[in-house]
Amino acid sequence: MYRILVVDDEKTERECIRFLIEESGMDLEISEAGDGREAMDVLRRMQGADILFTDVQMPLMDGLELIREAEAEFPDMKIIIFSSYADFEYARTALTLGVVNYILKPVVPQELEKSLRELIRQLEEQRDYRKKRDRQQSFLLQYALQRSISGNFENDRIGDTTLEQISAFQTMALLEFKGNFLENHSFFLYESLRADLKLDMESLNLSPTQALLLLRASVTDPQQWGEALLAHIRKAFGAVCYLAVSRPMQAYPSLKDAYAAVEGQLERHFWTPEQYLFWDGEEEKRGEDPDESDDNQQMLQIRRALINRDGAALQEGLDLLFSKYRTRSNQSQIYVKFVFSNLLTTLYPYVQPEEGGENPSLDSMISSLYLQPDIFEIVKLVQNMASRIIRNFSQGPSIRKEILEVTEYIEKNYGKELSVEQLASVVYLTPDYLSRLFKKSMGKSISQYIRQFRMEKAKALLTGTNRKVIEIGREVGYPNYSYFCQSFREYFGNSPDRYRQEKTV
């Protein structure tokens, strides 16, 4: 529905125009004003109108003066004058001010209807053009953002307008749903966040389970903001998801670093599945490490590395354990020493004696551990022992073998639903540990790798076959056609059909 403001100092004239518009059946919301000053107040209150229909001769502020002032504040508004003065100078002045028609009183109903319908047609064309332009700009921005978070940003391919848009983002939030929620609900989710929570944001579909929100406003209280967002999603969609919120964007060197930070935060839900909200800097605020991972599971990973004689995997597992207890301030010293004494017991059989000497007894080493005054000395003691073991292990491809198994599994099953938990079970690792190993080895997260693999497969099928786009989407793991097209466009900057046309010309 379009809005029209009718301005005339004669109430009967305004009522006549209202009657004629309503009788014509045109979908117009009608407001009235009795002079130019009142008209400006009404326009400001309603933040502009689509059509201004005004008389010329009025007290306080005449029609021409009203037009000059209104156009300065609302330049997109269409203007029609109706007047009993058939004066050439009035008409010429009106035309220079951008008036689209000059109707003489008494108003002929057919002429009024014809003029208004023509204006509505022009407004429809302008609205369609703006939608198309905004959609194209949004596609370009999403494409640039996708490249930016993956570290493949190329300034020479992105215009100054898009660069300015990227620099306007203040906060990043990463959502992960249980199940492929986004495949069928992403559009409704984003519209709900914009309309109901008034979020000024851009959104990216990273996978059927993950979405990235980039906000043009800073979040001063991540905990309060995040809890409100999660509560809205539960209430509006009945969906459960995990959420990680970044620091202010200026705290990061690049979008890639900001994304890596929220991704790292979100990975913590593997250790604390009952916690749904994470934010960068949370540990500082809480004064403790919330990671309550299973120490027995960590020890199993270390034992596996020892059995495989895999020095790199052993060091990785130890680093995770060291990092966990270095930052923990609320754990009793007795418990920490108990954990590390078990670790010493696990490592001890693999320690080779120094040349010409013997290893200290395990009992003496454990006694020494219990006498250490702080965690740093305990870590140092264990690391010295582990270093001797690692030097005697082959730095072979054991970790790479596990990653290879995962990538091979993805290559064979990319058309099916894939999750980190499922992949972790394939190689008998915890999801968090696999995520860390994968990112360290491949330079990208598992979800990024899966998406890249699927998109490259889709590209090859688009350019190398004549198969329908909907069939290709299903084959590469996107049974929802619209979601596949949206994801493809965000990744390559073009829709699947347009990409095929450009690459097969």
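## Close-up views of the model

**View A: Val-7 and its opposite number.** Val-7 has Thr-54 of strand β3 standing opposite. The strands here, β1 (residues 2-7) and β3 (residues 51-54), run parallel and are joined by four bridges. You're looking at a predicted model, so local features need pLDDT of at least 70 and side-chain atom pairs count only at pLDDT 80 or more, while totals for chains, interfaces and linings use all residues. Residues are numbered from 1 along each chain as its sequence is written, and side-chain values use heavy atoms, leaving out hydrogens and water. Strands (E, at least two residues) and helices (H or I, at least four) are DSSP runs, numbered from the N terminus.

**View B: the parallel sheet.** Follow the order β2-β1-β3-β4-β5 and you've crossed an open sheet of five strands with parallel pairing. Because β2 (28-33) and β5 (101-104) sit at the edges with a single partner strand each, one side of each has no neighbour in the sheet. On average, neighbouring strands are turned by 20 degrees against each other, direction ignored. Helix α1 (residues 11-24) packs on this sheet, touching β1, β2, β3 and β4 (78-83), and its direction makes about 180 degrees with that of β2. Helix α2 (residues 36-45) packs on the sheet as well, touching β1 and β2, at about 140 degrees to β2. Two strands pair if DSSP finds at least two bridges between them, and contact means heavy atoms within 4.5 Å. Axes are lines fitted to C-alpha atoms (for helices, over the stretch in contact), with angles from 0 to 180 degrees between N-to-C directions.

**View C: Asp-55.** This residue is found in the loop between β3 and α3 (63-73). UniProt, in an unreviewed entry, lists Asp-55 as "modified residue: 4-aspartylphosphate"; such annotations may be inferred rather than shown by experiment. Is Asp-55 buried or exposed? Asp-55 is buried, with a relative accessible area of 5%. (Buried means under 20% relative accessible area, exposed over 50%, partly exposed in between, using a 1.4 Å probe and protein chains only.) Not counting residues up to four places away in sequence, Asp-55 touches Val-7, Asp-8, Asp-9, Gly-63, Phe-82, Ser-83 and Lys-105.

**View D: the mixed sheet.** Here an open sheet of five strands runs in the order β7-β8-β6-β9-β10, with mixed pairing. Its edges are β7 and β10 (277-279), each with a single partner strand, so one side of each is left without a neighbour in the sheet. From one strand to the next, the twist averages 20 degrees. Five bridges pair β7 with β8 in the antiparallel sense, and Met-201 stands opposite Leu-215 in β8. Helix α7 packs on the sheet, touching β6, β7 and β8, and its direction makes about 170 degrees with that of β7.

**View E: helix α7 and its kink.** Look for Phe-188, where a kink of about 30 degrees is centred in α7. (The bend at a residue is the angle between axes fitted to the seven residues ending there and the seven starting there.) Buried residues of α7 include Leu-182, Leu-189 and Tyr-190. Ser-186 of α7 is buried too, with a relative accessible area of 5%. Not counting residues up to four places away in sequence, Ser-186 touches Asn-205, Tyr-483 and Gln-486.
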